[in-house]
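User: I am new to this structure and would like to learn how to read it. Could you walk me through its features step by step?

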Amino acid sequence: MNSPHYILLPVSSLFITVSLVCAFFLNFLPTGAWVGMPDFVALALVFWSIHQPRKVGIGVAFVMGLLMDVHSAVHLGENALAYTLLSYLAITIHRRVLWFKPLAQSFYVLPLFMFVQAVQLIVRLIVAPAAQFPGWWYFVASIVTTLLWPVATWILLAPQRRAIDKDNTRPI
């Protein structure tokens, strides 16, 4: 059974802001040290950078990165650099990604999430030479974040979907 193709309504800037704030607070959960805990801010930034690159861009990613730096008590600029690069890369591939369904889009966003974690790890290893490589399990979070991509797409596009039933009195 094929899913219907929706004509999406314009997205509200308030909804984008609320979704980014919710993602920020989800990163506040005291499970951040767990292996495989997804980065909800990165997920929301990639989603909105792909779907609304004119409203959520590199500047928003930089501010969200600074807020995450303060929250995580890491070196100031670590997350800001990673999220800025993430947003830039997401914007560069946004037209290509939108051609595919959310499950196929996951294959495009996985390298982005892996890249963000690699940037964060490289910054930590450069700034603190005594730090050790955390192991390859460190990158499981990127896989978990990618697995959440179809769910995030369904949730974040829900307010923009038009009704499936056709109403002959509507112009579109």
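Analyst: We will go from the overall fold to the core, and then to a few single residues. Please keep in mind that this is a predicted model.

User: Let's begin with confidence. What pLDDT does the protein chain average?

Analyst: The average for the protein chain is 85, and 90% of the residues score at least 70. Going element by element, helix 2 has the highest mean pLDDT, at 93, while helix 3 has the lowest, at 89.

User: How many helices and strands are there?

Analyst: The protein chain has 7 helices and 0 strands. Along the sequence, this reads as α-α-α-α-α-α-α. For contacts between residues at least 6 apart in sequence, 69% join residues at least 24 apart.

User: How do I read the inside of the protein chain?

Analyst: Start with a general idea: in soluble globular proteins, nonpolar side chains tend to be buried together. In this case, 39% of the 172 residues in the protein chain are buried. The largest nonpolar core has 35 residues, and those touching the most other members are Val 41, Leu 45, Val 46, Trp 48 and Tyr 83. Two or more residues each come from helix 1 (13-26), helix 2 (40-51), helix 3 (58-72), helix 4 (78-97), helix 5 (102-127) and helix 7 (149-157). Helix 2 provides the largest share, 10 residues.

User: Which residues does Leu 45 touch, not counting residues up to four places away in sequence?

Analyst: Leu 45 touches Leu 20, Val 56, Val 60, Ala 61, Met 64 and Tyr 83.

User: Now the aromatic rings. How should I describe a pair?

Analyst: A pair of aromatic rings is described by the distance of the centres and the angle of the planes. The count here comes to 9 aromatic pairs. Take Phe 15 and Trp 48: their ring centres are 6.0 Å apart and their planes stand at 85 degrees, so this pair is edge-to-face. Phe 15 belongs to helix 1 and Trp 48 to helix 2, so the pair ties together parts that are 33 residues apart in sequence.

User: Is Trp 48 buried or exposed?

Analyst: Trp 48 is buried, with a relative accessible area of 0%.

User: Which residues of helix 6 are buried?

Analyst: Helix 6 covers residues 140-147, and its buried residues are Ala 141, Ser 142, Thr 145 and Thr 146. They lie on the same side of helix 6, because they cover an arc of only 140 degrees around the axis. These buried residues pack against helix 2, helix 5 and helix 7.

User: One last stop: where is Leu 98?

Analyst: Leu 98 sits in the loop between helix 4 and helix 5, and is partly exposed at a relative accessible area of 39%. Leu 98 and Ile 50 are 48 residues apart in sequence but 7.6 Å apart in space, C-alpha to C-alpha. Beyond residues up to four places away in sequence, Leu 98 touches Ile 50, His 51 and Gln 105.

Definitions and conventions: Residues numbered from 1 in each chain as written. Predicted model: local features only at pLDDT ≥ 70, side-chain atom pairs only at ≥ 80, totals over all residues. Heavy atoms only, no water. Core = buried A, V, L, I, M, F, W, Y, C linked by side-chain atoms within 4.5 Å. Buried < 20%, exposed > 50% of the residue type's maximum accessible area, 1.4 Å probe, protein only. Helix = DSSP H or I, 4+ residues; strand = E, 2+ residues; numbered from the N terminus. Contact = heavy atoms within 4.5 Å. pLDDT = per-residue confidence, 0-100. Arc of directions from axis to C-beta. Phe/Tyr/Trp six-rings, centres within 6.5 Å; stacked < 30°, edge-to-face > 60°.
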